[in-house]
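Please keep the model open in your viewer, with side chains ready to be displayed, and follow the stops below in order.

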Amino acid sequence: MKLAEILAQEMTEQNLYDSTGDLPAQQRWQVKRVTLWGMAANLGLAALKMVFGLVGHSQALVADAVHSLSDTATDLALLIGVHYWSAPADEDHPHGHGRIETLITCLVGILLASVGVGLLYRALSTMHEGPSTVPSWSAFAVACLSIVGKEWLYQWTVRVGRRIRSTAVIANAWHHRSDALSSVPVALAVLGSKIHPDWGLLDPIATVIVSVLILHASWKIAWPALRQLIDAGATEKECRQILALAKTTEGVQAVHKLRTRYIGPGLQVDLHVQVDPGLSVRLGHDIAGAVKQQLLEQGPDVVDVLVHLEPYEG
């Protein structure tokens with residue numbers, strides 16, 4: 001039997017991809033449903049913002065329409081990507097396809113950052129301009145609709161992402177919130193211009209503040225994903241928790257050489273366990289199995305464990 005076949009069979013027996021890939025059909029449908037609704041909302045809001053931005057003389061709302069349209073790119077990436085990262089392990093990918101989810105998470109963070117940079121550039125470049133035509137109340141109404149609708153989509157999407165532990169879905173939820181945030185200065189600018197037509201700086205100043213918030217959110221999304229792509233391991237706190245769980249397993253004398261890395265949203269753990277050298281192979285194997293079960297059940301998002309047995313020499 002080929003080595004890849006042996007590895008694939010072993011991982012099937014250990015149910016490695018119950019958590020890291022091979023999403024149950026119900027969870028895959030949840031991802032598709034919330035993403036499809038998000039895409040429909042993005043397209044609808046983009047059309048409304050574009051029409052009422054042009055009719056209502058609001059350049060900020062037209063720019064916000066482009067932002068809503070850009071959200072559909074991440075929706076498409078999520079819909080396509082879920083078919084790949086949820087696939088089980090195979091001969092070519094014995095550790096599964098979880099890194100695809102990490103890659104898409106990183107992509108969403110980068111796209112979100114580009115939106116923030118674009119909004120920031122536009123705000124800074126228009127600060128020197130004087131007040132333009134006063135927008136209509138229809139522009140204000142559409143901006144408020146965007147704030148409420150996209151915040152509701154954020155809450156729904158982030159709940160789904162946390163429930164199935166999907167970093168890509170959570171990242172897409174933050175893209176919804178960034179759209180809601182970017183509509184805030186539009187609404188404030190329209191309202192301010194109605195109160196005082198000479199407050200032309202209100203729009204770019206508010207946009208700068210929101211752009212910084214969007215850039216911060218993109219950093220929080222993209223940086224952890226980038227660290228996972230370069231095989232960054234668990235945090236020091238998580239490593240201490242893993243070592244403590246392994247050491248408290250009955251029959252374990254000592255634990256060392258702990259290594260961790262991420263497979264999608266979960267941790268793969270590799271560690272050496274020292275046991276009484278007089279034990280039989282069967283008892284040693286049982287202890288290793290107990291260590292693995294302990295870490296899978298109580299460890300910090302642990303999805304796979306490889307235990308190396310060594311004789312304890314005191």
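A helix here is a DSSP run of H or I with at least four residues, and helices are numbered from the N terminus. Bear in mind throughout that the model is a predicted one.

Begin by selecting helix H6, which spans residues 137–163, and show the side chains of tryptophan 137 and phenylalanine 140, which lie three residues apart in this helix, about one turn. A pair of aromatic rings is described by the distance of the centres and the angle of the planes. The model holds four aromatic pairs, and tryptophan 137 with phenylalanine 140 is an edge-to-face one, with 5.6 Å from centre to centre and 85° between the planes. Tryptophan 137 is partly exposed, because its relative accessibility is 47%, and phenylalanine 140 is likewise counted as partly exposed, at 21%.

Next, select helix H8, residues 202–229, and display tryptophan 219 and tryptophan 223, which both belong to this helix and are four residues apart, about one turn. How are the rings of tryptophan 219 and tryptophan 223 arranged? They are stacked, because planes under 30 degrees apart count as such and these two planes stand at 5°, with the ring centres 5.3 Å apart. Tryptophan 219 has a relative accessible area of 51% and is therefore exposed, whereas tryptophan 223, at 40% relative accessibility, counts as partly exposed.

Finally, select tryptophan 174 together with arginine 177, where the contact involves a charged side chain over a ring: arginine 177 lies over the face of tryptophan 174, at 5.4 Å from the ring centre.

Conventions:
Residues are numbered from 1 along each chain as its sequence is written. This is a predicted model: local features need pLDDT of at least 70, side-chain atom pairs count only at pLDDT 80 or more; totals for chains, interfaces and linings use all residues. Side-chain values use heavy atoms; hydrogens and water are left out. Rings of Phe, Tyr and Trp (its six-membered ring) pair if their centres lie within 6.5 Å; planes under 30 degrees apart count as stacked, over 60 as edge-to-face and the rest as tilted. Helices (H or I, at least four residues) and strands (E, at least two) are DSSP runs, numbered from the N terminus. Buried means under 20% relative accessible area, exposed over 50%, partly exposed in between (1.4 Å probe, protein chains only). A charge sits over a ring if NZ of Lys or CZ of Arg is within 6 Å of the ring centre and within 35 degrees of the ring normal.
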